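Subject: Handover of a structure and the findings on it

Dear colleague,

Please find below the structure that I am handing over to you. I would ask you to look through the sequence and the model before you read the notes that follow.

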Amino acid sequence: MTKNTRMTLAKRPLGEPGDDCFHLEQVDIPELDENQILIRVCWLSLDPYMRGRMNDVKSYTDPLQIGDVITGESSGVVIKSNSSSFEIGDKVAAHMGWQSHIVANADDPRLMKVDSNNGSLSAHLGVVGMPGRTAYFGLTEVGKPKAGETLVVAAASGAVGSAVGQIAKIKGLRAVGIAGGPEKCRYVKEELKFDDCIDYKAGNLAEELAAACPDGIDIYFENVGGDVTKAVAPLLNKGARVPICGYISNYNDEDITKAETPFHILKALDEVPEHRFFVVTEWNDRWVEATRLLGSWVSEGKLKYKESIGEGLENAPEIFRGLLKGKNFGKQLVKIADED
Ligand SMILES: NC(=O)c1ccc[n+]([C@@H]2O[C@H](COP(=O)([O-])OP(=O)(O)OC[C@H]3O[C@@H](n4cnc5c(N)ncnc54)[C@H](OP(=O)(O)O)[C@@H]3O)[C@@H](O)[C@H]2O)c1
């Protein structure tokens, strides 16, 4: 009989999460109650925020407890249904963690039916999924872009950053990316059509960024923090906006509460830019609208994306460590089963 294979939190990490922080186990799949469905998960999404949930620190949501299934989104196919809302074969995205099978109540808000017109099952974890919505709402609602302005975004070849720059181009802005290494920068400039992309690992970020932004920076979409933010800060124009989406360079710090965050760096400026942290769930009520819009841009060729695909639930911890070091090139996924 098929079992559910799942990855749980075995120990809280100090710094980079080692293999001993994860526990792979198999458990029975319970019989379905009325109005429940069983999902075979095909794709897991690995996302930087998961690292924060492993710490014993409450942020905008509660931390994982030891023994909990590692948090995360996934997408898959309904293989049993006791609900009139779902049929066998329906495609779904769920926010129920690193596991091969999910039993869910059909009306669980963490469950969303996938409309294939908007994109593939894997794209619903990336460009038309949570990262795409993060880019869209963070830029349009917090960044408040105006045509002709200059936007800078780091982690520019990644899931969120790649969409931020392309949406900025759609809205008529100059988009400058920052990414790690020449291959990622080439992709951002030549394939995603950003106006420029600077390799922050090449050693002269401040000078190259100033040259790429001759009119200063009007929107800095914050994904990474640290030295990148310090290079951006002096170039921010009066009236600049900084949507703070995340600061991945600090996520593996042994004590993130002692980190120098973008808030410290921005607040120390003579002219403090408008800035705030946002969470994509602020716009949950507009999920369908954003998914459709992002999907239409993808089908029109205005929004391109890349996926970095690993295989096997047992390999997810190693792939996750790679994501926090920039080994991914595009949206990091783990394939754990075929869709057919
Ligand atoms: N607020 C929200 O609701 C929300 C939602 C989703 C994501 N986020 C945040 O958005 C950011 C991007 O997430 P994502 O899912 O799109 O990940 P991603 O960009 O696909 O992957 C992470 C990338 O971060 C870069 N990076 C890693 N360590 C770095 C460092 N020390 N300095 C500079 N760059 C570093 C790497 O790119 P390079 O090789 O180019 O350095 C890596 O590929 C993260 O901060 C994440 O927490 C926030």
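Predicted model: local features only at pLDDT ≥ 70, side-chain atom pairs only at ≥ 80, totals over all residues.

The structure holds 1 cavity of 30 Å³ or more. A cavity is found on a 1 Å grid over the protein atoms alone, as a set of points where a 1.4 Å probe fits but cannot get out. Grid points are joined across faces, edges and corners, and a volume is the space filled by probe spheres set on the points. A lining residue is one with an atom within 4 Å of a point.

Residues are numbered from 1 along each chain as its sequence is written, and side-chain values use heavy atoms, with hydrogens and water left out.

To return to the cavity: helix α3 (residues 159-170) gives the largest share of the lining, 4 residues. Helices (H or I, at least four residues) and strands (E, at least two) are DSSP runs, numbered from the N terminus. Sorted by class, the lining has 5 nonpolar, 6 polar and 3 charged residues. Here Ala, Val, Leu, Ile, Met, Phe, Trp, Tyr, Cys and Pro count as nonpolar, Asp, Glu, Lys and Arg as charged, and the others, Gly among them, as polar. At least three lining residues come from each of domain 1 (3-126 + 306-335) and domain 2 (130-281); the domain bounds come from an automatic or database domain assignment.

The next topic is the strands. Strand β1 (residues 3-9) is mostly covered, with 5 of its 7 residues buried. Buried means under 20% relative accessible area, exposed means over 50%, and partly exposed lies in between (1.4 Å probe, protein chains only). Strand β2 (residues 22-28) pairs with β1 in the antiparallel sense over 7 bridges; two strands pair if DSSP finds at least two bridges between them.

Strand β9 (residues 174-179) is largely enclosed by the rest of the structure, because 5 of its 6 residues are buried. Strand β8 (residues 150-154) runs parallel to β9, and 5 bridges join the two. Valine 153 has glycine 177 of β9 as its bridge partner.

Arginine 241 is placed in strand β12 (residues 236-244). Its relative accessibility is 6%, so arginine 241 counts as buried. Its C-alpha atom is separated by 45 Å from that of asparagine 35, 206 residues apart along the chain.

Several loop residues may also interest you. Lysine 144 lies in the loop between α2 (130-143) and β8. Its phi is near 45°, a positive value in a residue other than glycine, and lysine 144 counts as partly exposed at 37% relative accessibility. Lysine 193, in the loop between α4 (182-191) and β10 (196-199), also has a positive phi, near 65°. Its relative accessible area of 54% makes lysine 193 exposed.

Lysine 327 is found in the loop between α9 (316-323) and β15 (331-335), and is exposed with a relative accessible area of 62%. Aspartate 270, in the loop between α7 (262-267) and β13 (274-277), is exposed with a relative accessible area of 85%. Aspartate 270 and proline 234 are 36 residues apart in sequence and 9.7 Å apart in space, C-alpha to C-alpha.

Finally, how many disulfides does the structure have? The count comes to 0, where a disulfide is a pair of cysteine sulfur atoms within 2.5 Å. Cysteine 185 is in no disulfide, and the nearest cysteine sulfur, that of cysteine 197, is 3.5 Å away. Cysteine 185 counts as buried, at 5% relative accessibility.

Yours sincerely,
A colleague

How values were computed: 1 Å grid on protein atoms, 1.4 Å probe; cavity = no way out; pocket = protein on both sides within 12 Å on 5 of 7 lines; lining within 4 Å.
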